[in-house]
Amino acid sequence: MEAAISLERSRVEPDLERRFEALVHTHRARAQRLAWRLVGGDGAAAEDVTQDAFVKAYRALSGFRGESALETWFYRILVRQAASHRRWRGVRAFWDAGSEIEPRDPKPDPQHDPGLQRRIATALDRLTPSQRDVFVLVHLEGFRLRECAETLGKPLGTVKSHLHRALVTMRRELADLVETGIETDAKEAS
Amino acid sequence: MNHQTDDRDSLTAEEAAFVGRVRELYAPPELAATRRAALDAELRQRVEAGWGFGTGRSAWLAVATAGALAIAWLVAIGDEGALTPELSRAAPVVAQGADVDDWDRELFDPTWVGDSERFDDSAELPDDYAAIAGIFLDS
């Protein structure tokens, strides 16, 4: 398998570099999907967030001592990068006379209804940042509770609490999602 | 990290169906091989150049910082009495009911320490995380 990234000029230990290369290679797709879900379904923003997270992880790699899983450590960076992006988007929206910046996705997935995805993104946006992060990590990305707690730097009990509240809110906001299935799309369009 | 975790076992059938539906619907398109290769190339370039800021953001930050400094300077020379000692000593304020929580405060307010029992994670997290503590404050 050819390494996706070559880091010859770095001052990081070669073994750690190889692990980082493997991380990029094996986790790029998942990282980008997680970023996409955290930034409200914006494909271009998800690419930026993922790239920035990889770069920041590499810059901080010399401080990594192997006391935690490299993947968990990286996803903490990614989640924070996504949070920074959301904040930054809010600042830009403020300077653009308060108008909301619509997520821009140059290649929307034809298999998924954009209106329905927008509804889900809006519902996620109404959660608190912590609730949103926990919901996405655990329920959408399949993190275990402990992995999620370590990734977010929060106690397990706090994660459970956020997860419960997030699920209640999401079900209330999207109550018709399961009951009517894809027919929801027609309702949204009308 | 599969989807059959201990966390999901506690969901009711209805909750599991709802979560599964959201997961199915709220997913990005697959990353095309050509796009992936382009992103790998860009990442390689950025890492080897030793330059870590994202597209356009550093420019925005520079402009915003310069603007804020200019406004502060104009205010200071235009109305020196406006900034009272009480105001200048005031701690960062988070509006009541604002949609921010401790995660935000931890991220953006370096002076905020939070509830010592619930959010002091220094005893729980490995030292590895100290390596990334600064990268979000200096960017």
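Reader: Is D40(B) buried or exposed?

Author: Burial is read from relative accessible area: buried means under 20%, exposed over 50%, and partly exposed in between, with a 1.4 Å probe and protein chains only. D40(B) has 10% relative accessibility, so this residue counts as buried. Before we go on, this is a predicted model, in which local features need pLDDT of at least 70 and side-chain atom pairs count only at pLDDT 80 or more, while totals for chains, interfaces and linings use all residues. Residues are numbered from 1 along each chain as its sequence is written, chains are lettered from A and ligands numbered from 1 in the order in which they are written, and side-chain values use heavy atoms, leaving out hydrogens and water.

Reader: With which residue does D40(B) form a salt bridge?

Author: A salt bridge here is a side-chain nitrogen of Lys or Arg within 4 Å of a carboxyl oxygen of Asp or Glu. D40(B) pairs in this way with R28(A), and their closest N and O atoms are 2.9 Å apart. The pair crosses between chains, running from helix α2 (residues 33-49) of chain B to helix α1 of chain A. Helices are DSSP runs of H or I with at least four residues, strands are runs of E with at least two, and both are numbered from the N terminus. R28(A) counts as buried, because its relative accessibility is 0%.

Reader: How many salt bridges are there over all chains?

Author: A search of the whole structure gives 13. One of them joins E141(A) to R33(A), at 2.8 Å from N to O. This pair links distant parts of the chain, 108 residues apart: E141(A) sits in the loop between α5 (129-140) and α6 (145-152) of chain A, and R33(A) in helix α1 of chain A. E141(A) is buried at 1% relative accessibility, whereas R33(A) is partly exposed at 31%.

Reader: Which residue forms a salt bridge with R171(A)?

Author: That is E14(B), with the closest N and O atoms 3.4 Å apart. R171(A) lies in helix α7 (residues 156-173) of chain A and E14(B) in helix α1 of chain B, so this pair joins two chains. R171(A) is partly exposed, with a relative accessible area of 28%, and E14(B) is exposed at 56%.

Reader: What span should helix α1 of chain B have?

Author: The expected span is 1.5 Å times one less than the number of residues. For the 13 residues of this helix (residues 13-25) that gives 18 Å, and the end C-alpha atoms are 18 Å apart, which agrees. Its buried residues are E15(B), F18(B), V19(B), R21(B), V22(B) and L25(B). They cover an arc of only 160 degrees, which puts them on the same side of α1(B); the arc is that of the directions from the helix axis to the C-beta atoms.

Reader: How many residues does the largest nonpolar core have?

Author: In soluble globular proteins, nonpolar side chains tend to be buried together. A nonpolar core is a set of buried Ala, Val, Leu, Ile, Met, Phe, Trp, Tyr and Cys residues joined through side-chain atoms within 4.5 Å. The largest one here has 64 residues, and those with the most contacts inside it include W73(A), L78(A) and F18(B). Helix α1 (residues 14-38) of chain A gives the largest share, nine residues.
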